[in-house]
Amino acid sequence: MSDKPAERACWCGHPQLESYSDDYRVCRACGTLVSSALPVEGLYSREYWTERQTGHHGLPDIRDRARLDLPERCTHWLRRLLEFRLPPARVLEVGCAHGGYVALLGWAGFEATGTEISPWMSRFAHETFGIKVLTGDVESQDFKAGSFDVIVLNDVIEHLPNPVRTMGHCAGLLSKDGFFVIQTPEYIEHLSYADLRAKNDLFLKHMDRNNEEHLYLFSRRSAGVFFSRLGFPHLDFSSPVYSYDMSFVAGRSPLKPNDEASAAASLSKAPVGRLVQALLDKARESADRWWAMQRLEAKLNPPPPHP
Ligand SMILES: [Zn+2]
């Protein structure tokens with residue numbers, strides 16, 4: 001008998017995976033990239049946040065991100081959530097990191113809770129934003145069935161060693177009309193690894209030197225299969241903050257969007273909600289300016305015509 005550890009199977013159970021790159025295999029049955037890395041014990045410790053994120057991934061320090069993310073990623077996520085659920089509602093963010101989004105949800109009038117694996121990060125989030133954050137994985141928390149109206153996983157589902165088990169547990173924590181909000185890297189199925197290298201695609205940053213963390217990289221198709229099996233077959237995709245990600249809500253039944261006026265009316269009920277609205281307005285202005293610059297750039301420097 002060989003001592004070689006078994007390679008990671010696809011979450012969907014399909015047994016035959018094809019080679020994709022040095023670090024990933026691909027499941028053609030569902031359309032997921034599956035990491036070949038062996039499990040790393042204690043990866044998400046204090047060092048993950050204070051050293052690996054800056055040194056290995058080149059990201060700003062988590063203390064700076066607690067400030068930088070508020071008017072950028074967090075406002076984008078809040079605007080999206082308000083499209084489908086107005087406060088008051090119970091929201092859980094699994095893997096809340098510095099906790100800025102949980103804080104913003106609270107200021108917007110939601111009853112917001114976060115979970116975080118790292119005790120250091122959990123304490124940091126609590127001390128930085130004064131939020132309710134519970135330490136440990138979501139399965140180990142003492143939540144009752146149906147405790148939440150919305151469960152958010154931003155940049156988390158790709159890290160889960162057993163996404164079927166964890167998300168199955170989360171599904172049980174949602175109320176009858178509850179739904180998931182997900183952001184995760186998007187694997188574009190028709191692109192080979194050579195295609196990605198040839199165009200130096202930004203998606204590579206989720207793969208190269210990252211396969212110990214990103215265990216499953218979903219495509220839109222595999223996300224659809226995954227959430228359908230979970231009992232949430234109605235996916236609504238929207239523009240992500242960054243082009244290499246995908247962003248969607250997943251519900252048991254089709255979700256009806258709220259109009260912007262109802263969201264604004266809801267935020268204006270409390271003084272701090274008005275501050276949140278002002279932050280959302282300024283964030284939208286910056287985003288509109290950025291897109292206008294992109295359009296101008298494309299007009300001034302059009303891509304070469306296809307041969
Ligand atoms: Zn699969």
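Reader: Which residue of β8 stands opposite N154?

Author: Strands of a sheet pair through backbone hydrogen bonds, in a parallel or an antiparallel way. In this predicted model, the residue of β8 that faces N154 is Q183. The pairing behind it is parallel: β7 (residues 148-154) and β8 (residues 174-185) are joined by six bridges.

Reader: In which sense do β8 and β11 pair, parallel or antiparallel?

Author: β8 and β11 pair in the antiparallel sense, over seven bridges. Within that pairing, P185 has D245 of β11 as its bridge partner.

Reader: What is the strand order of the open sheet?

Author: The seven strands are ordered β6-β5-β4-β7-β8-β11-β10, and the pairing is mixed. At the edges are β6 (133-135) and β10 (234-238), each of which pairs on one side only. From one strand to the next, the twist averages 20 degrees.

Reader: How many residues of β8 are buried?

Author: In a regular strand, side chains alternate between the two faces of the sheet. In β8, nine of the 12 residues are buried, so the strand is mostly covered by the cut-off of 20 or more other C-beta atoms within 10 Å.

Reader: Which strands does helix α3 lie across?

Author: Helix α3 (residues 70-84) lies across β7, β8, β10 and β11 (245-251). Relative to β8, the helix runs at about 150 degrees.

Reader: Which residues touch the most other members of the largest nonpolar core?

Author: That core has 67 residues, and the ones touching the most other members are L78, V102, L105, I151 and A250. Take L78 as a case: beyond its neighbours within four places in sequence, it is in contact with L104, L105, A108 and L280.

Reader: Why does L105 count as buried?

Author: L105 counts as buried because 28 C-beta neighbours lie inside 10 Å. The residue belongs to helix α4 (residues 100-107). Its contacts, leaving aside neighbours within four places in sequence, are L78, V91, F110 and A112. For scale, L105 and S175 are 70 residues apart in sequence, with their C-alpha atoms 18 Å apart in space.

Reader: Which residues of helix α5 are buried?

Author: In α5 (residues 119-129), the buried residues are M121, S122, F124, A125 and F129. They lie on the same side of α5 because they cover an arc of only 160 degrees around the axis. P119 and E127, on the other side of α5, are exposed. Just after the helix, G130 has a positive phi of about 65 degrees.

Reader: What is phi of A97, and what is phi of N200?

Author: A97 has a phi near 50 degrees, which is positive although the residue is not glycine. N200, also not a glycine, has a positive phi near 45 degrees. A97 sits in the loop between β4 and α4. N200 sits in the loop between α7 (193-198) and β9 (216-218).

Reader: Does burial separate them, and which counts as buried or exposed?

Author: A97 counts as buried because it has 25 C-beta neighbours inside 10 Å. N200 has 7 such neighbours and therefore counts as exposed.

Reader: Where is the cis peptide bond?

Author: The cis peptide bond joins P87 and P88, with omega at about 5 degrees. P88 is in the loop between α3 and β4 (90-94).

Key
Residues are numbered from 1 along each chain as its sequence is written. This is a predicted model: local features need pLDDT of at least 70, side-chain atom pairs count only at pLDDT 80 or more; totals for chains, interfaces and linings use all residues. Two strands pair if DSSP finds at least two bridges between them. Helices (H or I, at least four residues) and strands (E, at least two) are DSSP runs, numbered from the N terminus. Axes are lines fitted to C-alpha atoms, for helices over the stretch in contact, and angles run from 0 to 180 degrees between N-to-C directions. Two residues are in contact if their C-beta atoms, placed from the backbone, lie within 7 Å. A nonpolar core is a set of buried Ala, Val, Leu, Ile, Met, Phe, Trp, Tyr and Cys residues joined through C-beta atoms within 7 Å. The arc is that of the directions from the helix axis to the C-beta atoms.
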